[in-house]
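Subject: Structure for your review

Dear colleague,

Please find below the structure that I am handing over to you, followed by an account of what was found in it.

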Amino acid sequence: MKRFFSILLCLGLIISMTGCTGVKPTDAPDDDVYVIGFSQVGSESDWRVANTKSMTAAFEGDTEYELLMDNARQEQENQFTAVRRFILEGVDFIIIAPTVEEGWETILTEIKDADIPVMIMDRSVAVEDDSLYLTNIGSDFLHQGRLAVEWLEGEIPEDRDIKILHLQGTIGATAQIQRTKALEDAVRSHPNWEITSQLYGDFTEAKAYEVMTDYLASNRDIDVLYSENDNMTFGAMRALDEAGISYGNGGQVKIITFDATKEALQYCHDGRIDLCVECNPMFGPDVKTLIEKYRNGESIPKHVYVNESAYTTQSITQEFVDSREY
Ligand code: GZL
């Protein structure tokens, strides 16, 4: 029995080291099944968990497809390892949700040399040659940031100086780059707006709580928190509570957050968050449709954007919050 458990432990270690889940039951892909290798960023946020759920649900139960998903745990190197494994396994299609924009030329060239089509999803890759991938499906993150700025412009009189605390996501990720650009562009055009500090929260609640707690120990003069995803916002709210600083409707700090997950929308409805900018993770079905179009020889656009909006306490009802999928 002991030997059994030691084998089980080794198997567990192998799977946990590769971060590979949904491993195909057989070694070699079955010719009748279209095998997709999917390198996912990680499981760092509620948004990511919902995105993974949407992707796996899109292919689950469809015997024509097999989705092999690897969790990169927010490390680009793990994505390279997973993609090289997919190439060796001879998958039919590769999907990459890139952790960061830079550093993809080599691996995308290896995929091209292996004659495997590849789709970029969620965030983007910064490559000169966009023939290295079929299409990029995801959000317009700059538009999301501009929605937040437009709302803030409506809240703040021209003659009122404001101090903005900026919680940034994973540095180099498209979502961080573009949401940051929207805010920095706005600060350049509003002399009465000041970014007091840019804290690195890596899109996680734990990191955001840590950096916010450190910052608030010696800085309490904040008018706006611009937080690049909900999980960092939840960590920041905990730190603000512990520091005795009020926020939300009628509070000292106006809170702007991105993703608009159900929990954030509930806080927004309850007046604890002022603005939720939506970032829709539920595009698994769209990904599948694009792959089917590709397989049918149909042309697909180089960039496909998902539809998104922004919500305030005044614009949502409890019924709307209850109706949300994620
Ligand atoms: C956005 C996605 C971001 C989310 C975060 O499309 O890349 O990464 O905003 C997630 O919640 O971690």
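The notes that follow cover the domains, the nonpolar cores and several individual residues.

Please keep in mind that this is a predicted model.

**Domains and their interface**

The chain is divided into two parts: domain 1, made up of residues 3-138 + 282-295, and domain 2, made up of residues 141-279 + 312-322. Their C-alpha centres are 31 Å apart. At the interface, 11 residues of domain 1 are in contact with 18 residues of domain 2. The size of an interface is often expressed as the accessible area lost when the parts come together. Here, domain 1 and domain 2 bury about 1100 Å² between them, and 50% of that area is on carbon and sulfur atoms. As for polar interactions, seven residue pairs are in polar contact across the interface of domain 1 and domain 2, whereas the count of salt bridges between the two domains is zero.

In soluble globular proteins, nonpolar side chains tend to be buried together. In this model, the largest nonpolar core has 59 residues, and Ile95, Met212, Val287 and Ile291 are those with the most contacts inside it. Helix H8 (residues 230-243) supplies the largest share of this core, namely six residues. The core lies between domain 1 and domain 2, because both of them give residues to it.

Which residues does Ile95 touch, if those up to four places away in sequence are not counted? They are Ile36, Gly37, Phe38, Ser39, Met55, Met119, Met121, Val287 and Ile291. Two of these neighbours, Val287 and Ile291, are themselves named with Ile95 as having the most contacts inside the core.

**Two residues with positive phi**

Most residues other than glycine have a negative phi. Arg73 has a positive value, near 50°. Arg73 belongs to the loop between strand S3 (65-71) and helix H3 (76-89). With a relative accessible area of 40%, Arg73 is partly exposed.

Asp122 also has a positive phi, near 70°. Asp122 is located in the loop between strand S5 (118-121) and strand S6 (136-138). Is Asp122 buried or exposed? Its relative accessible area is 4%, so Asp122 counts as buried.

**Two further loop residues**

Glu44 lies in the loop that runs between strand S2 and helix H2 (46-59). Although it is a loop residue, Glu44 is buried, because its relative accessible area of 11% falls under the 20% limit. The side chain of Glu44 makes a polar contact of 2.8 Å with the side chain of Arg48. Leaving aside residues up to four places away in sequence, Glu44 touches Gln74, Arg123, Phe203 and Thr204.

Asp32 is found in the loop between strand S1 (20-21) and strand S2 (34-40). Its relative accessibility is 68%, so Asp32 counts as exposed. Asp32 and Ile137 are separated by 105 residues in sequence, and their C-alpha atoms are 27 Å apart in space.

With kind regards

Definitions and conventions. Residues are numbered from 1 along each chain as its sequence is written. This is a predicted model: local features need pLDDT of at least 70, side-chain atom pairs count only at pLDDT 80 or more; totals for chains, interfaces and linings use all residues. Side-chain values use heavy atoms; hydrogens and water are left out. A nonpolar core is a set of buried Ala, Val, Leu, Ile, Met, Phe, Trp, Tyr and Cys residues joined through side-chain atoms within 4.5 Å. Buried means under 20% relative accessible area, exposed over 50%, partly exposed in between (1.4 Å probe, protein chains only). Helices (H or I, at least four residues) and strands (E, at least two) are DSSP runs, numbered from the N terminus. Domain bounds come from an automatic or database domain assignment. Contact means heavy atoms within 4.5 Å. Buried area is the accessible area (1.4 Å probe) that two parts lose on being put together, summed over both. A salt bridge is a side-chain nitrogen of Lys or Arg within 4 Å of a carboxyl oxygen of Asp or Glu. A polar contact is a pair of N or O atoms within 3.5 Å; within protein, one must be able to donate a hydrogen and the other to accept it, and residues adjacent in sequence count only if both atoms are side-chain atoms.
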